[in-house]
Structure formats: structure tokens, C-alpha cells
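Here is my note on this structure. Please read it with the model open beside you.

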Amino acid sequence: MPSGDAVGGPAERRGERRPAATRSVARVCVDVSLAHLDRPFDYHVPDRFDADAVPGCRVRVRFAGQLVNGFLLERGEHTEHVGKLAFLDRVLSPEPVLTPEIATLARSVADRYAGTMADVLRLAIPPRHARTEAKPPPEPAPVPPAPPADGWARYPRGRAYLAALAAGRPANAVWQASPGEDWPARLAEAAATVAATGRGAVLVVPDHRDLARVHASCVRAVGEAGVVALSADLGPGERYRRWLAVRRGAVRVVVGTRAAGFAPVADPGLFAIWDDGDDLHAEPRAPYPHAREVLAQRAHLTGAALLVGGFARTCEAQLLVETGWAHEVVATRDQVRASAPRVTAVGETDEQLARDQAARTARLPLIAFEAARAALAAEAPVLIQVPRRGYMPVLACARCREPARCRRCAGPLSLPSGPDDGAARPAACRWCGAAEAAFRCAACGARGLRAVAVGHRRTAEELGRAFPGVAVRTSGAGEVLASVPGGPALVVATPGAEPVAEGGYGAALLLDGWAMLGRADLRAAEEALRRWMTAGALVRSGADGGRIVVTADSGLVAVQAIVRWDPGWHAGRELAGRAELGFPPAVRMAAVDGSPEALAAVLDDLRLPPSGEVLGPVPVPGSTGGAPTVRERALVRVTRAEGRELAAALSAAVSVRTARKDPDPVRVRMDPFELL
DNA sequence: GCAATGAGCGTC
DNA sequence: ACGCTCATTGCT
């Protein structure tokens, strides 16, 4: 055997790979989530991959000695890199999965959230499924006819908004759906209006139940072939099949959960989000983008329209209105009053607590009991919204296990949740809010209390005994009902799991008021109102006998807001309050957490924008419980105008650590969803 | 004075 | 986790 290069030594093997004749330089986004490596790297395109190495395709490259995945961003003739380029190791497939629009969006979202483009792309692009990719794409769906805008005509600006969509204008709207609204149909009409012009639409909803409803409405509006439903739990093949159908331009209307906000529809004309206050819209993986922000960013970058809809209104949506970025689409006050149920609040000072024996059995305030009885008498179902199991621990006698009752109204005693600071908190009644400092069991006289988990099923049993002969149905964790028929029944549901009732509920009893409003959370009032309105919107109008009873003090702003059915008013007050306190969305804020040493180092390296202000660090609540390492958190805030600057400064500070290979991680979240 | 060895670092 | 640089070591 000849020696040296002749047997295929390194020199010769390298010689086998020649750069492509033209545009031989590939810019690659490598799948590495280290902050200091968050930029494109150049590689030579071997001539044998010349045809396959298209912009947007998946590649494999040698990066610092190991093979990593990446996306080919673009090809060019030259490189800025001084030093020699490595070759692409492999083109995984010529499918251009990363479109230029999504590449730009991912970069922008990463910059907005002080994260890496690689992390955003992991959220945006589903894993490849080779067999699915090999199949030919479906026939492109025909352009559907424009739908009628009648459903939107009941909102003063509704018709104008659809006209703007039809004309391809980048119209932004914050839509307050009226009580009883068939909102999936309205979203489908908006999407179909855009699809009729040959452009695409993306509708993002919180969960699967909403997804199924909106999908069904879209099928009616644009046909089975014109719409796909995207969600993370589809299974790899099916998920990739539907996603590819969108990317390949076969489908113009996409409806899905939060990751669908990145769906690569061709020529997008509308991005819509429903119920943007639902925490499911907040992505739990780095860099923790919120679907509303992704869509707003995307609408801005592409010149498409944005639609933020819900029965309630978030501070963030209110900000879009107040800054003039979006118009309100809201029914007139008269129309809202006509469609809203009659709302009664049962508060601490209320005199009518549980004098009736049946109401005591049901552990309900008397007004709530009577509202339910009246609705059942009118052959209508009754919705009972109860707190999630474990949300607020219910208490029982430590000796005989009899449920602990409030001495005033016989409601269940529970422990208000709050910061885990170890401070003893007195038990309080879940319905009337009265504190119980000296409990004594009514059954056995013992003084001790123990926590027990009471779920919605247990509540359902107790209600069933108070309304003999009435069917009781439950909807909550584990088994969520989409809808219930129109007859008399008690429907016990946890927030977000309320079934739609045929013909509307006759009454809704919203029993988590104290649990919700007692929380130390900044968003507690907004979230309580959102849950109440979303459930309350399923109730018949007051003119048709529809009633809502909410167990919370009528003096609270959130309670006044549901009584008046005016979420815009509430959001305006909340936003003003946030501005006063200096909290998002009035300012831009980052939560930075890590070990005390790591956090101190990052804060030390941080070059704050002019308005920058650091709050803390403070120990992270709950981090000391058993965990050997103490974590601290600092909040950093700047004016909204300097938000991007803050994100860039945080990325730079984190880059110093990742470049040093510091194993002690620091986490950055911009405008974290849960604060304090 | 200079090759051989190894630790550290950037990552194309 | 490779391959580069640069410092240290050991021998002439």
C-alpha cells in the first residue's frame, strides 16, 4: 500500500470536498442556546450539496468539534470570517422549513426577550418527520368566497374592521366580545375575509377545547381543506404533516395553541389571539415569549392586521388601545347592557348569608342558592365555578375530619394563599371572607385544623344533596366537557373548563372570588375579572332571566366591573395603577434569577439604559424549601422605549458568563407573567 | 535555543 | 469535543 496522502489521508479527504461553484458560503444558525454564540456562522457548501442547500433548510455542521443541527439562513459569495471555513457536514433535507419571515421573527422575538434565536426556533419549528416530508403536499385549498360581515355588524367598528381586512390594511383591533357572543364564528369570519383575498390568517387560542370550536367554525367558513388545527400534542407525524401543509402554501387559515403563532403561513394578512389574559398563552420554555407579543411583533414586521379578542381585557391590550396602536371594537353600552346577565355580588357585609337550610347544605350563600333554584325552575342549566383543587387548601377538623365551617355563613374555611414566608395566616371563609382565629369544631369541639384537598367533584356531591333530583355534571382537571345540553342541571366547573350550554346558562355562581382576590399577585383582580366574565358570558341575558352571583365584596373594583360589565374600564384603571407602581406593561421589566453569586456578577456586568433601575435582589419565595441552593431574584425595570436596550444589555451580561463556561445558570425573563 | 508536552479557550 | 494558541518543561 502506498503511504501518505495516497490512501486517503486528511489532505486528500479534504480535497474531495470542493466548495460549490457559486454562492459557496452558507450562513448557519446553529442549534446552540449559549448567549455568546447567538449569531450566524459561515460554512462552505460542498458542491455535492449545491442543489439541496437552500435557504431555510436543516443542516448538520461541525461546531467546536461536535456535530450540531442548524438552519441555513442564506447563501452568499463571501464571508466576513477571517480564517478558514468548515464544510457543511450534511443537508438533512432540502425542505426550506425556516422561511425568511420566520427567521426575521425569531431574531426579533429573541431580541425582545433577551434570549437566543436557536431557542425561539426550537419553539417555532416542529421536529422533522422524514416519512411525512417525503409525501407530496395536498392540493392547495381554493380561495374561499368572502363571508358576510353580519356578525361583526353589531359592533360599531366591526364592519369597518372587516372591510380593512378585506382591503389588506394592517388594522389592529382590541375586540371586546359581547356576552353570549359566538366568538369562534366571529374569528372564523375574520380569517375567511382575509383568506378570500388570497392571504393567510393565524388564530391563536388558549387550549384544545377552544381550538376545536374555532376549527369547526373555520371549516364552516372556508371548508375542510382551507384550515388546519395545530397543537403541540398531535404526535410527531401528524403535527409535521399539518405544519408542512401550511409551509407549502396548501392552507391559508391556521388555528392553534401558542406555538401556532409561529406557523409559516404564506403572505399573512391577519394574526388573531383569543383571551390573551389566559396564562396558557405564556410559553414556559426559554425565552418565555407570550403569544400576544409574538403575534403583535409579527403583524408589525409583515404589515398584517392584529386582532386581540376576549370577553375581558388585559392591561396589555388596554395599552395597545391607549397608545393608539389598536382600535377598540366594542358594542355600545346599550347593547352590552341588553346582552349581559344580571350580576349580584355577595360580600362580607352582606346580610343574607345562609339562613336557609338547603343553602347551608349546599354551602352556598342564600342569594346564590335562590338564583340557582330559579334557573332550574326555568329548565335551564346552572354553572357553578369553583376554585381548582389545591388552589386554596380547604380545612377540616383535625380530630374528626368534619369539614371546617364558617361560624357566620357555614362556608368552607380555607387557608388564604400568599407568599411562602412562613408567617402564620388565620383561616378564612372562602365564601364570605371572614377570618376565623379561634376555630372550634361544631361536631366534636376540637380546636385543631388540618388541610384537605377538596376538588370540584366533592363540591358537586354536596351541591347534589342540596338540589335533590337535579343532574350534576362536572368539568375540570382530567375530564373537561365541551358543552352541556339545555335542560336543568348543575354544572360544576373549574375556571377555564366551563362547558358551553345549549341556549345559555340560566345562572352562574362564581364561587372563587375570595380565593382569587385574596392572592398577593399583581394580576389577581384582572385575572378574577377575566375568569368571571369568560364564565359569565355563557349565561343568558338579564332580559332572559340570566343571573350571575359572585362571592366577593361589591366594593371591589373588579366586582364593580362585572356588575357594569365593563372590562375596558377595569383595564384602564389597572393600567393606571401599574403605571403608578412602575410595573408592566406600563414599564418594561426583567426578572433575573440565579445563585446570589451568579446574580451579583450579572448585575455587576449589566450596562443599564438611562432609565434603568434594579430592585432587589431578594430571595426567591419557595426556593429555600428543601433545595440546597438558595436562589435570588432581581427585578430590573426601564421605560417601555428602552425595553429592547435592556434586553440587549441583559444578553450581553449573560454572554460574559456563558463565554466563560460558568456552570452556574442565570435565568432572564422579560415581563414575567407572574410577579411577586 | 528550541522541540515536546499540556492547559486553556473558542467554537466558521 | 476538536484543534488551535501559548506557556512551561526538559534537553542540547
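1. Start at the DNA. This is a predicted model. The residues around DNA strand B are His36, Leu37, Phe41, Asp42, Tyr43, Phe63, Ala64, Thr79, His81, Leu85, Ala86 and Ala659. Strand E2 (residues 41-44) supplies the largest share of this surface, with three residues. What classes of residue make up the surface near DNA strand B? Eight are nonpolar, three are polar and one is charged.

2. Next, look at the seven-stranded sheet. The sheet is open, and its order is E8-E9-E7-E10-E11-E6-E12. The pairing is parallel. Strand E8 (227-230) and strand E12 (327-330) stand at the edges. Each has a single partner strand, so one side of each is left without a neighbour in the sheet. On average, neighbouring strands here are turned by 15 degrees against each other, direction ignored.

3. Zoom in on one pair in that sheet. Strand E10 (residues 268-274) and strand E11 (residues 305-310) are joined in the parallel sense by five bridges. Find Phe271, then its bridge partner in E11, Leu306.

4. Helix H9 (residues 236-247) lies across E8 and strand E9 (253-256). H9 runs at about 135 degrees to E8.

5. Two helices deserve a look together. The axes of helix H6 (residues 158-166) and helix H7 (residues 183-195) come within 8 Å. They cross at roughly 30 degrees. H6 and H7 are therefore roughly parallel to each other. Their crossing is right-handed. On the H6 side, Leu162, Leu165 and Ala166 make the contact; on the H7 side, Ala190, Thr193 and Val194 do. Of the residues in this contact, five are nonpolar, one is polar and none is charged.

6. Move on to the four-stranded sheet. It is open too, in the order E27-E28-E26-E29, and the pairing is antiparallel. Which strands are at its edges? They are strand E27 (613-619) and strand E29 (667-670), each pairing on one side only. Neighbouring strands of this sheet are turned by 20 degrees against each other on average, direction ignored.

7. Check one pair here as well. Strand E26 (residues 588-594) and strand E28 (residues 632-638) run antiparallel, joined by seven bridges. Asp593 stands opposite Arg633 in E28.

8. Finish with the helices on this sheet. Helix H20 (residues 596-605) packs on it and touches E26, E27 and E28. The direction of H20 makes about 140 degrees with that of E26. Helix H21 (residues 643-659) also packs on the sheet, touching E26, E28 and E29. The direction of H21 makes about 15 degrees with that of E26.

Terms used. Residues are numbered from 1 along each chain as its sequence is written. Chains are lettered from A and ligands numbered from 1 in the order in which they are written. This is a predicted model: local features need pLDDT of at least 70, side-chain atom pairs count only at pLDDT 80 or more; totals for chains, interfaces and linings use all residues. A residue is near a molecule or strand if its C-beta atom, placed from the backbone, lies within 6 Å of it. Ala, Val, Leu, Ile, Met, Phe, Trp, Tyr, Cys and Pro count as nonpolar, Asp, Glu, Lys and Arg as charged, and the others, Gly among them, as polar. Two strands pair if DSSP finds at least two bridges between them. Axes are lines fitted to C-alpha atoms, for helices over the stretch in contact, and angles run from 0 to 180 degrees between N-to-C directions. Two residues are in contact if their C-beta atoms, placed from the backbone, lie within 7 Å. Angles under 35 degrees count as roughly parallel, over 145 as roughly antiparallel, 65 to 115 as roughly perpendicular and the rest as oblique. A crossing is left-handed if the near helix is turned anticlockwise from the far one by less than a right angle, and right-handed if clockwise.
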